[in-house]
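Look at the model below. This report takes up a loop residue, then a pocket, then a helix.

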Amino acid sequence: MALLGIIPLGATRSFAELGRGNSLRCAFGNRPPWADGLLARRLLAAALTALAVILFLRGDPGSERTAVVVAGRDLPPGHLLEAADLRSTPHESGTLPAGAVDDMAILVGATLTGAMRTGEVFTDLRIVGPRLAAVATGAADARIVPIRLADTAVAEILRAGDRVDVVAAEEQSPQSSRPARLLLRTALTVVFH
């Protein structure tokens, strides 16, 4: 005799009858014995996965945090930085890149070397300065200097990081016939606009 929809041992059930019944209590009584263990394992796996995601997103609460300067909005390359472009945000010290900037005053008025996304951490190499020149060329005495292009169409094909020869030439006139001369060989393009 079945009590609350539980089928006595030795009774045979067709596959179509498993998990079916007139009520929820009947349906649970019609389950095979291994279904309880499977359900428990799946619920435990879901709970542990949710816990792992929460702990991953939270980060280490005991880690040391440092306030650093990040981009307050998307910034184009060559942009002259203003206070409105910057904001200070605490980050875990162990995850910060080398050279992370923690003082906004250093960045205000500086020129950005490449595009930056909102929330990206500023480093000493993201702005035009002596450190960028030394790292880009490998020479401690390297400098970044502005050069005016004679042909603005050249700016269309230049990218930061390109190596170029810098040639000085005077405008041709009947009185002057000086040849063009090479000023720099394989100069590194840092930023242009």
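## A loop aspartate

This is a predicted model. Asp 162 sits in the loop that runs between helix 5 and strand 3. Is Asp 162 buried or exposed? Its relative accessible area is 18%. The cut-off for buried is under 20%, so Asp 162 counts as buried.

Leaving aside residues up to four places away in sequence, Asp 162 touches Ile 157, Ala 187, Leu 188 and Thr 189.

## The largest pocket

The volume of the largest pocket is about 1,100 Å³. Its lining is made up of 37 residues. Closest to the centre are Val 145, Pro 146, Ile 147, Val 166 and Leu 188. Leu 188 is also one of the residues that Asp 162 touches.

Which elements each supply at least two residues of this lining? They are helix 4 (130-137), helix 5 (154-157), strand 3 (163-168) and strand 4 (181-188). Strand 3 gives the largest share, six residues. By residue class, the lining of the largest pocket has 26 nonpolar residues, six polar and five charged.

## Helix 2 and its end

Helix 2 covers residues 34-58, 25 residues in total. At 1.5 Å a residue, helix 2 should span 36 Å.

Notes:
Residues are numbered from 1 along each chain as its sequence is written. This is a predicted model: local features need pLDDT of at least 70, side-chain atom pairs count only at pLDDT 80 or more; totals for chains, interfaces and linings use all residues. Side-chain values use heavy atoms; hydrogens and water are left out. On a 1 Å grid over the protein atoms alone, a cavity is a set of points where a 1.4 Å probe fits but cannot get out, and a pocket is an open set with protein on both sides within 12 Å along at least five of seven lines; lining residues have an atom within 4 Å of a point. Grid points are joined across faces, edges and corners, and a volume is the space filled by probe spheres set on the points. Helices (H or I, at least four residues) and strands (E, at least two) are DSSP runs, numbered from the N terminus. Ala, Val, Leu, Ile, Met, Phe, Trp, Tyr, Cys and Pro count as nonpolar, Asp, Glu, Lys and Arg as charged, and the others, Gly among them, as polar. The expected span of a helix is 1.5 Å times one less than its number of residues. Buried means under 20% relative accessible area, exposed over 50%, partly exposed in between (1.4 Å probe, protein chains only). Contact means heavy atoms within 4.5 Å.
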